[in-house]
There are 4 protein chains.
Amino acid sequence: MGEWHEECGVFGVFGHPEAANMTYLGMYALQHRGQESAGIACSDGSVVTFYKEKGLVADIFSEDVLARLTGSNAIGHVRYSTRWALDTKDAQPLVVDFEDGSISIVQNGSIVNAYGLKRELEAAGSVFQSSIDVEIIIHLIARSRKKRIEDRIVEALNQARGAYSILFLTRDKLIAVRDPHGIRPMVLGKMKGTVAGTVICSETCALDLIEAEFIREVEPGEMVVVDSCGVKTYRPFMPVIEQFCVFEYVYFARPDSIIGGRSVYQVRKEMGRQLAREHPVDADIVIPIPDSGVPAALGYSEQSGIPFEMGLIRNHYVGRTFIEPRQSIRHFGVKVKLNAMRDVVGGKRVVVVDDSIVRGTTGRKIIKMIRAVGAKEIHVRISSPPTRYPCFYGIDTPLRRDLIAATHTLEEINTYLTSDSLGYLSVEGLHACVPRNKSYCDACFTEKYMIPLEAEMTEEQLHLFRKSINIWPLGDRSARRGRGE
Amino acid sequence: MGEWHEECGVFGVFGHPEAANMTYLGMYALQHRGQESAGIACSDGSVVTFYKEKGLVADIFSEDVLARLTGSNAIGHVRYSTRWALDTKDAQPLVVDFEDGSISIVQNGSIVNAYGLKRELEAAGSVFQSSIDVEIIIHLIARSRKKRIEDRIVEALNQARGAYSILFLTRDKLIAVRDPHGIRPMVLGKMKGTVAGTVICSETCALDLIEAEFIREVEPGEMVVVDSCGVKTYRPFMPVIEQFCVFEYVYFARPDSIIGGRSVYQVRKEMGRQLAREHPVDADIVIPIPDSGVPAALGYSEQSGIPFEMGLIRNHYVGRTFIEPRQSIRHFGVKVKLNAMRDVVGGKRVVVVDDSIVRGTTGRKIIKMIRAVGAKEIHVRISSPPTRYPCFYGIDTPLRRDLIAATHTLEEINTYLTSDSLGYLSVEGLHACVPRNKSYCDACFTEKYMIPLEAEMTEEQLHLFRKSINIWPLGDRSARRGRGE
Amino acid sequence: MGEWHEECGVFGVFGHPEAANMTYLGMYALQHRGQESAGIACSDGSVVTFYKEKGLVADIFSEDVLARLTGSNAIGHVRYSTRWALDTKDAQPLVVDFEDGSISIVQNGSIVNAYGLKRELEAAGSVFQSSIDVEIIIHLIARSRKKRIEDRIVEALNQARGAYSILFLTRDKLIAVRDPHGIRPMVLGKMKGTVAGTVICSETCALDLIEAEFIREVEPGEMVVVDSCGVKTYRPFMPVIEQFCVFEYVYFARPDSIIGGRSVYQVRKEMGRQLAREHPVDADIVIPIPDSGVPAALGYSEQSGIPFEMGLIRNHYVGRTFIEPRQSIRHFGVKVKLNAMRDVVGGKRVVVVDDSIVRGTTGRKIIKMIRAVGAKEIHVRISSPPTRYPCFYGIDTPLRRDLIAATHTLEEINTYLTSDSLGYLSVEGLHACVPRNKSYCDACFTEKYMIPLEAEMTEEQLHLFRKSINIWPLGDRSARRGRGE
Amino acid sequence: MGEWHEECGVFGVFGHPEAANMTYLGMYALQHRGQESAGIACSDGSVVTFYKEKGLVADIFSEDVLARLTGSNAIGHVRYSTRWALDTKDAQPLVVDFEDGSISIVQNGSIVNAYGLKRELEAAGSVFQSSIDVEIIIHLIARSRKKRIEDRIVEALNQARGAYSILFLTRDKLIAVRDPHGIRPMVLGKMKGTVAGTVICSETCALDLIEAEFIREVEPGEMVVVDSCGVKTYRPFMPVIEQFCVFEYVYFARPDSIIGGRSVYQVRKEMGRQLAREHPVDADIVIPIPDSGVPAALGYSEQSGIPFEMGLIRNHYVGRTFIEPRQSIRHFGVKVKLNAMRDVVGGKRVVVVDDSIVRGTTGRKIIKMIRAVGAKEIHVRISSPPTRYPCFYGIDTPLRRDLIAATHTLEEINTYLTSDSLGYLSVEGLHACVPRNKSYCDACFTEKYMIPLEAEMTEEQLHLFRKSINIWPLGDRSARRGRGE
């Protein structure tokens with residue numbers, strides 16, 4: 001129900017006369033992957049300029065700012081970050097000076113041994129100005145004794161474990177690396193027509209907007225180096241089994257993006273069909289929770305033959321903040337976004353389809369709102385398995401104790417939601433819907449974390465570590481030192 | 001395809017401890033009726049405070065501003081206005097001092113004899129600071145020799161012809177008036193539970209958000225007076241045949257609003273069904289232009305049995321302004337909002353459903369975009385008749401020469417759109433879908449303007465007159481004086 | 001001590017290719033006459049555009065805004081207004097449409113019979129959107145039955161009593177009028193060199209900045225009409241004795257402006273010399289309260305032979321708002337602006353010179369601050385007589401009860417200030433310093449109000465009437481109606 | 001003439017319940033030392049929060065922001081930076097995480113071997129996110145193998161040469177260090193009364209505003225450590241001859257600050273007296289260039305007996321940006337700030353006093369403006385020696401080729417300024433005016449750079465290195481690498 005926070009989207013272009021503008025458009029198309037801050041770094045071959053700010057891409061980048069981001073190579077980033085950040089220190093790109101000149105970096109993903117690497121680097125005298133993983137990676141690159149930047153990057157990333165789709169921009173190269181498990185998506189495209197330009201970005205929807213041709217996905221463990229001589233590819237990492245995040249299909253990716261050869265929309269419809277097979281119900285209408293539940297609801301309707309209706313209307317002018325009335329309004333938080341229609345659901349047995357449930361609080365409000373306008377029965381159908389485990393590979397999930405499916409049985413969840421029945425897609429069912437040409441990470445459903453976490457850290461520690469944005473838990477740090485001695 | 005500009009939405013509340021907050025929420029729910037400026041005037045029984053600004057409701061009103069709008073009575077307004085306005089002089093509410101104290105006004109609609117009334121008032125020594133109709137009405141009220149404000153309002157409105165749903169806020173009264181033809185919607189509601197409060201506003205969706213109970217529509221020609229003694233109703237105007245704007249069902253109203261006893265969503269679905277009956281086609285899928293075309297497309301699919309699909313994906317982060325790349329991108333303006341999915345429409349015979357066509361330029365881009373991803377056939381189906389005549393009753397339509405259906409045959413439009421076939425709903429079909437308990441204005445389809453326009457003005461003069469926002473065409477004015485002599 | 005609030009500064013230019021830019025510069029030079037809001041209206045001979053906003057001239061007008069204010073004729077205004085105004089409705093220029101086309105107006109001054117005129121106009125059906133005098137004047141102009149705008153203006157102003165220096169901008173004319181008493185300043189200038197352009201504005205310092213030549217003062221009761229045929233002058237009003245505001249010399253005008261043939265700086269120095277003659281004292285140093293007290297302190301030093309020193313240092317970065325610490329800091333409000341220097345005043349007998357005292361609270365803090373760094377004696381010398389009466393002619397003075405000199409004897413004031421002695425310039429002494437070629441209004445010192453106020457209103461009523469910005473005292477208004485019947 | 005750019009002001013407070021508020025006030029009082037950006041870091045003993053932004057202190061820090069800066073220990077910084085910075089990366093405080101926890105730093109000064117240290121650190125694997133010296137220092141601290149933070153700081157600073165007054169804030173300590181030469185000022189104060197709190201800041205004027213008691217100057221080479229046990233002092237550096245920047249007396253410090261036991265104002269007056277002794281002239285009046293020239297002009301007047309006048313009036317509403325008219329206005333840049341008064345200087349032989357001359361362009365405009373209003377003779381007197389050499393110790397001076405005194409004889413400068421005579425204070429004269437209890441750096445006048453610069457860098461390289469804000473000269477860097485190999 002739209003409550004997962006994707007960490008990032010990345011976009012890079014090399015050799016295009018309007019690099020900053022193309023990056024702006026690409027980030028705009030990737031805005032669904034992060035709405036809190038955005039940034040662009042641009043290189044004209046000798047000077048790097050960059051700009052990053054809190055807010056939406058279309059609000060941050062004025063013509064004035066774009067005009068000052070000159071050069072034919074650029075990388076950009078959209079990011080989810082916490083609402084209480086006072087500044088932009090955790091925004092990307094990270095732009096630094098090191099032995100070899102300037103380098104700019106954007107990342108989608110998460111380094112699971114970041115905590116340990118940071119401690120080691122600090123012990124060796126490194127200082128950190130942010131709490132983002134790429135700052136760790138850049139330190140590793142800077143400390144590498146290799147000559148070529150490609151070798152430095154490989155050496156650095158060989159020390160890091162985790163999920164990452166990273167773009168590096170140096171004076172004369174755009175370098176893309178995807179972790180060996182290929183957890184986060186990354187695609188390669190080419191500007192069409194007479195204009196040159198190689199594009200590497202998170203999803204194909206960004207290629208569509210700028211009319212770039214989709215060439216292929218960057219493969220797990222691949223390093224793509226783009227420079228004035230063309231595009232070269234390397235396989236510098238030990239091959240492992242691909243672990244593409246199955247939740248990209250469930251919720252994160254835009255429905256019009258192509259992953260594994262199929263549009264996310266079609267895969268979601270198939271999940272809805274499979275859901276109908278697994279959890280049929282005798283009902284009058286199928287309604288989605290807009291917009292995330294729409295494709296699965298269409299699939300459920302198609303498979304079950306129960307008519308599809310838009311029983312919940314979405315307000316499209318939802319602002320960033322909203323002033324609540326002092327007097328309580330029932331289901332207020334949800335009503336600002338959605339309204340239930342009595343003459344669609346009234347007196348009906350309703351199947352409500354959504355992609356997933358996080359805490360369940362929003363879902364409960366929606367069910368109650370539908371009931372309040374007269375629905376006779378409400379059957380909740382979720383087009384993914386129960387999410388019982390946090391993601392450590394690039395998604396900002398709540399702690400386990402806050403995931404309703406981690407702490408409650410299905411029956412309890414059904415009771416909490418106040419629904420008449422509840423059905424989740426099975427893990428097997430999910431796997432049956434996604435393309436066969438990939439293998440997947442489904443740890444959030446199965447606890448099968450294929451990339452080992454740091455032994456010494458509890459989930460909560462990891463969580464806090466990754467949340468330590470803008471504040472420095474000095475007490476914790478010295479406590480740790482005490483432990484370390 | 002979302003290119004009509006509704007002029008306004010109005011909201012008023014009387015006798016509620018959080019009047020400004022409720023008005024803020026109500027305007028938020030009515031934001032689809034106008035996105036350019038918004039304002040609230042609030043009375044605590046002795047002092048009126050107001051605030052109006054350019055922008056969206058959720059952006060304009062901070063907690064700080066709302067806290068300064070004190071009192072238990074308030075009116076609010078959302079407005080479409082031109083992008084080149086330097087200031088807020090044409091924003092509403094209009095708050096003035098006159099013989100009888102202060103009065104605040106908001107209006108949805110358009111006075112068709114405004115031009116003549118303004119000339120007469122100017123000749124009598126009135127001055128105008130804006131180009132909005134309510135300033136004319138307030139002058140007529142101020143010049144009335146009646147004692148009671150209700151009588152002044154009636155005397156004033158008896159001189160005005162046109163479409164109007166107006167709210168007046170005086171020191172101790174909230175007064176609502178709907179023109180005798182009842183062209184623009186207006187409903188009456190009551191706060192539920194122990195909190196008092198009468199609400200009058202444009203659409204029921206605003207009642208839903210604040211959990212007010214829908215009582216009934218304010219009737220054509222009715223004046224509702226709310227004060228501390230309760231709610232009184234008057235019928236001060238000569239009764240005429242109701243002329244409710246049928247386009248409110250087609251496009252303007254929010255789908256979850258109830259008008260004439262039915263949700264707009266259901267009426268739109270019925271239009272889609274009727275469209276399928278009138279213009280059947282052998283096709284593989286039905287896709288809407290989101291979001292306005294969704295209900296009609298569902299109806300078309302239901303009636304025809306052709307599967308419904310979301311073939312166009314909408315970007316939800318569209319900003320107010322957008323910086324275009326210098327290099328041309330095909331269908332750029334449309335691509336920023338929509339993306340067509342190859343693996344949904346590719347190789348398919350596609351029915352594309354939308355509510356209406358204005359200039360056709362956007363439609364043409366969308367058709368070409370769908371064709372570009374491989375659609376085999378594209379059949380455009382419009383869930384309203386061809387819009388051939390401008391609206392003078394509160395909608396900011398282009399001049400006739402810019403309405404494609406006014407200047408081209410259906411065949412020519414089909415050719416222009418590059419579609420394989422084109423079908424519009426018939427006028428009779430449209431009337432068959434809307435509730436029978438109302439009669440309708442369909443002048444934009446039929447040229448049957450039931451409220452006569454000013455004899456002396458051409459369409460273009462009227463248009464310019466209504467467009468004269470923020471600039472004073474001094475030359476024109478003295479030219480006119482010259483002509484008049 | 002800088003606590004008087006001048007109401008306005010005006011600036012107009014006719015026939016200059018960069019009219020808006022020149023007006024921007026002129027208003028910038030007149031910024032000392034009002035810091036709360038500013039506005040420009042510009043005419044290109046057929047279209048009027050305008051912009052007004054809260055804030056300082058240099059902050060409000062961007063290149064973007066100035067570029068949209070096209071045309072070779074313009075008027076501008078700077079204004080003091082209350083800090084609690086939520087919007088700009090009382091900002092000037094006022095731009096209206098009336099029978100004769102568009103007209104824009106800016107004013108410096110105050111109409112003393114505004115209350116009665118407003119009541120009469122309201123009774124005749126006029127409506128008011130602001131509480132500024134020029135709205136009353138524009139109604140009188142609009143209701144005039146004369147043909148020529150010049151005649152309309154004269155007829156309107158013949159009904160108004162008070163202090164006004166007004167600029168009108170019509171399609172093809174810039175018209176300046178100064179009230180018969182000539183209370184507020186107004187000067188006429190001409191652009192130098194090859195660029196044409198006539199300028200009329202409040203003070204000569206605005207001419208200096210744009211390098212216009214000072215021609216002469218607009219005379220009391222004069223009407224200057226500038227159009228494409230040149231500059232014409234009229235004397236349409238009954239001549240009366242000139243009553244130029246002597247306080248313009250004391251405090252309001254910029255020291256570098258020339259009024260009555262002498263720079264305000266030299267007149268202020270002479271006031272300081274005269275003050276030394278009237279109130280000599282045996283002391284070690286003379287220090288001004290910067291910046292307003294500097295010229296008089298120099299004069300006092302020159303006459304007395306006591307050395308001049310800068311014993312108080314001013315912080316030049318004072319912002320609009322300032323966040324106070326919770327913990328009290330002595331003399332905090334003053335310390336943010338001024339700091340006293342121990343090694344200048346320590347152990348010294350100090351003469352502190354300022355132009356005037358309003359409430360005395362700031363003065364008291366300053367005296368205590370000087371004492372705290374070791375001054376042995378502190379002798380306050382004020383270069384104007386005690387201000388005992390409010391100004392109704394264009395200055396926003398406090399009520400009498402808040403003027404310390406109106407309610408306390410000199411001895412009591414001296415005690416309150418904690419000074420060792422206190423001396424004010426005598427009324428005769430003041431008149432001896434200002435140019436002889438003018439006669440003066442000194443009502444704030446002498447209560448000799450030469451323009452009669454409205455019989456029926458008390459000072460407080462007048463005050464509230466003039467303060468009724470942004471709020472409508474509905475209760476008062478209807479109470480008044482009750483009284484009137 | 002006000003064209004030197006001081007790099008910074010620092011302020012720190014330990015053990016005060018309103019640490020952020022006090023720092024805000026202190027920075028406000030130090031605003032003259034840098035107007036481009038400001039920042040505060042605050043520690044509550046376990047968590048550090050910080051905020052930095054472009055703009056003036058009073059504009060940046062709202063009550064909302066200050067409320068979020070919690071804790072009883074804080075440091076703050078005001079900074080001059082280049083106008084073309086797109087972001088705040090070079091603003092201070094710099095807040096980093098390192099082996100020992102969090103540390104925040106602010107600095108006034110300049111490390112002359114920064115370039116070499118940065119290269120060494122980069123070679124050892126450090127990365128840099130800004131171009132500010134404190135980032136180098138923090139790397140040296142982080143790489144130190146000492147245990148105690150005090151020892152780390154000493155080890156780090158022993159590698160750095162230059163001028164620095166630095167404040168460090170750790171979890172439980174406020175540490176101040178002043179370079180052994182004591183080039184930049186730094187003072188120690190104590191909150192008065194019952195409230196605890198130790199303050200360390202750049203100038204005493206900041207102590208005055210918050211009513212802290214001045215204890216003493218932090219001595220050259222001293223390290224002051226403030227923690228919950230009290231204030232400790234260390235002398236960890238090799239003692240050298242004090243080299244206090246004499247230009248602090250000439251221009252940088254606020255006149256009301258006490259340095260070396262005397263107010264800067266009194267020292268400046270003495271410079272004026274000495275100037276009159278060295279360069280007497282037969283003239284009618286002495287006028288300062290306000291405000292920087294006022295004290296010296298008073299001294300000149302006192303010594304020479306020539307009357308002091310304010311012949312130039314300053315506009316106090318100068319904004320940050322100013323839109324120039326397309327049509328040229330003579331002396332425009334200067335006129336926006338200053339206006340010359342004909343009836344003060346007309347027909348007079350005028351001595352114009354200022355503190356220094358940088359490029360001479362502004363001075364030339366001022367002289368011409370004074371001449372244009374009728375001055376008979378203009379004698380320029382400068383209260384410091386000719387500035388012929390750039391400062392490398394914390395002041396942002398132009399390159400030598402842009403310093404008029406570096407490239408022209410006095411006669412040539414006099415000709416360029418169009419003055420009738422020109423006199424600079426002698427170096428000996430300057431030294432005669434400043435307190436004897438200090439010894440001084442006067443390298444900008446004498447080229448006696450007591451702290452050696454980096455051998456390998458030319459002045460221009462150093463300049464560019466220090467200017468490399470927000471852009472990375474990639475080409476240069478790799479070129480350098482080439483050279484280095």
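D:Tyr51 counts as buried because its relative accessibility is 11%, where buried means under 20% relative accessible area, exposed over 50% and partly exposed in between, with a 1.4 Å probe and protein chains only. The model is predicted, so that local features need pLDDT of at least 70 and side-chain atom pairs count only at pLDDT 80 or more, whereas totals for chains, interfaces and linings use all residues. Residues are numbered from 1 along each chain as its sequence is written, chains are lettered from A in the order in which they are written, and side-chain values use heavy atoms, with hydrogens and water left out.

Rings of Phe, Tyr and Trp (its six-membered ring) pair if their centres lie within 6.5 Å, and planes under 30 degrees apart count as stacked, over 60 as edge-to-face and the rest as tilted; the count by this rule comes to 42 aromatic pairs over all chains. In A:Phe244 and A:Tyr249 the ring centres are 5.9 Å apart and the planes stand at 75 degrees, so this pair is edge-to-face, and both residues are buried. D:Tyr51 and D:Phe61 also form an edge-to-face pair, at 5.9 Å centre to centre and 75 degrees between the planes. D:Phe61 is buried as well, with a relative accessible area of 1%.
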